[in-house]
Amino acid sequence: MIQGNAQDYDQIAKVARVYNSVTDEYDTAYRLKRCIAEDNLIRREILKLSTYGVVDLGCGSGLGYELVDASPSYVGIDISSGMIAKARAKFPRGTWRVADACRTGLASSSYGLIMSLYGCISYVSDLDALFREIRRLIRPYGKYFLVDYTPRCRVRKNALMPSL
């Protein structure tokens with residue numbers, strides 16, 4: 001499912017390996033008061049936008065699934081098979097796929113909200129490809145909500161992933 005040139009693939013594989021290695025501890029990095037406050041702000045904004053059909057690029061362990069009130073039309077995409085397995089275990093009603101955010105393989109023009117939270121887009125080497133994929137996935141008048149690195153991600157990187 002993960003495609004692209006050799007350099008992109010190497011970077012994607014590195015990020016996937018790191019996230020696979022921290023899957024079990026991942027959610028514990030987000031229990032700080034500041035992370036909970038950030039979630040509340042993001043949730044408020046997402047619920048203003050949320051329409052039928054949600055794609056979460058870089059869904060990790062499913063933290064975004066909780067923020068959209070467990071939408072039945074939610075699809076979580078992540079390059080880490082470990083994170084997808086954890087998300088499936090936590091939220092069996094969600095749809096979860098191992099794929100590259102720039103090449104999801106999902107149906108075109110089918111989603112009302114494309115979101116990417118907690119720094120996933122920071123790992124994307126070709127932002128043009130990412131935005132082409134978002135444009136391809138989104139329905140007319142759909143919305144996208146992207147969050148780059150935040151204080152939460154600094155906590156995560158320092159605590160779990162010093163190699164990234």
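Buried means under 20% relative accessible area, exposed means over 50%, and partly exposed lies in between (1.4 Å probe, protein chains only). These legends describe a predicted model, in which local features need pLDDT of at least 70, side-chain atom pairs count only at pLDDT 80 or more, and totals for chains, interfaces and linings use all residues. Residues are numbered from 1 along each chain as its sequence is written, and side-chain values use heavy atoms, with hydrogens and water left out.

**View 1**
Helices (H or I, at least four residues) and strands (E, at least two) are DSSP runs, numbered from the N terminus. Read from the N terminus on, the order is α-α-β-α-β-α-β-β-α-β-α. The protein has 164 residues, and 51% of them count as buried. A contact means heavy atoms within 4.5 Å. Take the contacts with a separation of 6 or more: residues 24 or more positions apart account for 70% of them.

The buried residues are Ala 129, Leu 130, Glu 133, Ile 134 and Leu 137. An α-helix has 3.6 residues a turn, so residues three or four places apart point the same way. Asp 128 and Arg 135 are exposed on the other side of α5. What covers the buried residues? The cover includes β1 (54-57), β4 (111-116) and β5 (138-146).

**View 1. At the start of α5, Asp 126 reaches towards Asp 128.**
A side-chain oxygen of Asp 126 comes to within 3.2 Å of the backbone nitrogen of Asp 128. Further along, Arg 132 is also part of helix α5. Arg 132 is partly exposed, with a relative accessible area of 47%. Arg 132 and Arg 103 are 29 residues apart in sequence. In space, C-alpha to C-alpha, Arg 132 and Arg 103 are 9.5 Å apart.

**View 2. Thr 104 is a buried residue in a loop.**
The loop runs between β3 (95-98) and β4. Is Thr 104 buried or exposed? Thr 104 is buried, with a relative accessible area of 1%. Its side chain makes a polar contact with the side chain of Glu 133 (2.5 Å). A second polar contact joins the side chains of Thr 104 and Arg 136 (3.5 Å). A polar contact is a pair of N or O atoms within 3.5 Å; within protein, one must be able to donate a hydrogen and the other to accept it, and residues adjacent in sequence count only if both atoms are side-chain atoms. Leaving out residues up to four places away in sequence, Thr 104 touches Leu 57, Ile 77, Arg 97, Ala 99, Glu 133, Arg 136 and Leu 137.

**View 3. Ser 109 and Tyr 141 have positive phi values.**
Ser 109 has a phi of about 55°, although it is not a glycine. Ser 109 lies in the loop between β3 and β4. Ser 109 is partly exposed, with a relative accessible area of 44%. Tyr 141 has a phi of about 70° and is not a glycine either. Tyr 141 belongs to strand β5. Tyr 141 is exposed, with a relative accessible area of 78%.

**View 4. The largest cavity has a volume of about 380 Å³.**
Rolling a probe the size of a water molecule over the atoms shows where empty space is left. Here a cavity is a set of points, on a 1 Å grid over the protein atoms alone, where a 1.4 Å probe fits but cannot get out; lining residues have an atom within 4 Å of a point. Grid points are joined across faces, edges and corners, and a volume is the space filled by probe spheres set on the points. The structure holds 2 cavities of 30 Å³ or more. Of the 27 residues that line the largest cavity, Val 15, Ile 79, Cys 120, Tyr 123 and Val 124 are the closest to its centre. α1 (6-21) and β2 (74-78) each supply at least two lining residues. α1 gives the most, with 5 residues. By class, the lining of the largest cavity has 16 nonpolar, 5 polar and 6 charged residues. Ala, Val, Leu, Ile, Met, Phe, Trp, Tyr, Cys and Pro count as nonpolar, Asp, Glu, Lys and Arg as charged, and the others, Gly among them, as polar.

**View 5. The second largest cavity has a volume of about 50 Å³.**
Its lining is made of Tyr 26, Asp 56, Gly 58, Cys 59, Gly 60, Leu 63, Gly 64, Leu 117 and Tyr 118. By class, this lining has 5 nonpolar, 3 polar and 1 charged residues.

Technical notes. 1 Å grid on protein atoms, 1.4 Å probe; cavity = no way out; pocket = protein on both sides within 12 Å on 5 of 7 lines; lining within 4 Å.
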